[in-house]
Amino acid sequence: MADVWGEKMYSLLIVDDEPLIRGGIARILDWTSLGIDQIYEAGDGEEALEIVRSRPVNLVLTDIVMPFMDGIELAGILHRDYPGISVVIATGHEDFEYARQSIDLGVCSYILKPIGAKNLYAKMSEIMAGIRKEDENRQYINRMRSQLAKNLPIIRSRYLNEIVCEDQGDKLQLVRQCRSAGIDFTSNAYIVGLLNLGLDNIADEDVPLYVFSCKNIAQECLGGRHYVFESNLSKKLVILFRCDILGDDPRNTAYQVMEIILKALDNTIHVKATGGLGVEVSGPDQLPVSFRSAKRACEYRFSLGENVVYDIRDGSLNTLLFRYPAQEVKDLLRSIRFGTDSDIRDAIRAIRQYIKDEKQLSGINVKIVLSEIVTDILKELSELSEITPRTTEQCLRLHNEISQMSSLDAILNEIMQAAITAAEDFRKTENTSSRALIRKVKECVNSHYMDLSFSLPTAANQVGVSTGYLSALFKKETGMNFIKYLTDVRMEKAMELLRGTDLRTYEIADQIGFENTHYFSVAFKKYTGMSPSDFRKGGKK
């Protein structure tokens, strides 16, 4: 209860077998100013206990000598059954030594008789100050206890992360901290499991709620004797199995429990997850070894698939290969420069299929491959004279996030979006620059078609681009390949010479860049439908 000022008010029980004394004490002081707004009276200890049992009492002021039950006996019962009630003994000089013996009964103070108003007020002010201080301390402890209970899951998670997932730190000290948080490390062996939660398509603001829900579901499947906590790694849960309570085959039991958890997550909140089971270790100091092996096992989801549990002891997981889809990546880069969005999607699907077909690729290998693809896209973009900042930012962000992403399909989808964005930049930039480049190439052809050694590499060198780039760009811009264009120019020049000069066929072949007259004649007939001599006859007619 509180007064109008918001300060807590207390209740007082006066116990004395003399009604006049009780009434005098109740009326002699302004108790409200001391923080007491309710006063009860009792003639002996038994009557006092009846009041205490039925009403809220904070402070008891009692005489010692009373019939039926004296004040010392009353103080002892209150100390035992109602420890929250403060007791003050009123005693004469002759009983003071006897009253002091009651200190073990929880008596907080003594008041000597006779009791005057001034002395009583001063003494009660002192007593009430002490009661308020104790009350404040008790409330503070209760708040701290409540806050500790509320934050205990966070504290436990932090301790478990430090002892299970990190190599640094004093493991003995960490074990003591865990013990203080109610975590038992008395098992003779442990196995660490890792759950990669498929939350890449969940909005960022909803991820903590999903992780919390997944943790609760996993804990329900595990019971209270194993531990599950949120990893410092994004969207992952760590499970600490105690082998001593897993039965005769702890590893197989742990594997089966993780499979049950995966099904429960899918059935309850429709979250797909992939599990990894680490090696068995004998003590808390070796837990990071088990954690790292569980992490490696979990990463096989990139090459072997998701929504299953991988045991690091499976021999097939330990046969590490390193592969790179060179041709598939080359096709993707070509699609970015010269293809359509559909071509880009096809190239991404080919990369995905390559990774899936190479079933023994490690998770690290897969992430290196994916990071390298993004790097290659950035290299392609670096050749553009103009590039929108969003494209570079998108690629750099993706490059930094690949190591934290948990799903192969999610990563490939991000790469596909980055590739499509990069292709848009190529189209915007090259709409003008590409046409200018092709014009320069055509001018080179018209100026050098008569050179026997003139070819696609020669033209590419003269305009300052790679042969492959020029070949693809020329086909894209003109609809024909470079060799056909060069041949067409040479054939048109040959037709002009056949019509307007008397040069012989071998002389014309030499002037337009053909070293072999027979080959020139074959090419000319293919282009015009007649031999050079027939064309000349028809032209002169």
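**A walk through the cores and a helix pair**

Let's start inside: the largest nonpolar core has 34 residues, and those with the most contacts within it are Val441, Val445, Phe482, Ile512, Phe520 and Phe524. Such a core is a set of buried Ala, Val, Leu, Ile, Met, Phe, Trp, Tyr and Cys residues joined through side-chain atoms within 4.5 Å, where buried means under 20% relative accessible area with a 1.4 Å probe, protein chains only. Helix α18 (482-500) is one of the elements that give two or more residues to this core, and its share, nine residues, is the largest.

This is a predicted model, in which local features need pLDDT of at least 70 and side-chain atom pairs count only at pLDDT 80 or more, while totals for chains, interfaces and linings use all residues. Residues are numbered from 1 along each chain as its sequence is written, and side-chain values use heavy atoms, with hydrogens and water left out. The pLDDT is the predictor's confidence in each residue, from 0 to 100; the protein averages 83.

Now look at Phe524. Not counting residues up to four places away in sequence, Phe524 touches Met491, Ala494, Met495 and Leu498, among others. A second, separate core of 32 residues includes Leu332, Leu398, Ile402 and Leu412.

Finally, find α16 and α17, whose axes (lines fitted to C-alpha atoms over the stretch in contact, with angles from 0 to 180 degrees between N-to-C directions) come within 9 Å and cross at roughly 100°. That makes α16 roughly perpendicular to α17, a label for angles of 65 to 115 degrees. Leu456, Pro457, Ala459 and Ala460 of α16 meet Thr467, Leu470 and Ser471 of α17, with contact meaning heavy atoms within 4.5 Å.

Conventions:
Buried < 20%, exposed > 50% of the residue type's maximum accessible area, 1.4 Å probe, protein only. Helix = DSSP H or I, 4+ residues; strand = E, 2+ residues; numbered from the N terminus. Parallel < 35°, antiparallel > 145°, perpendicular 65-115°, else oblique.
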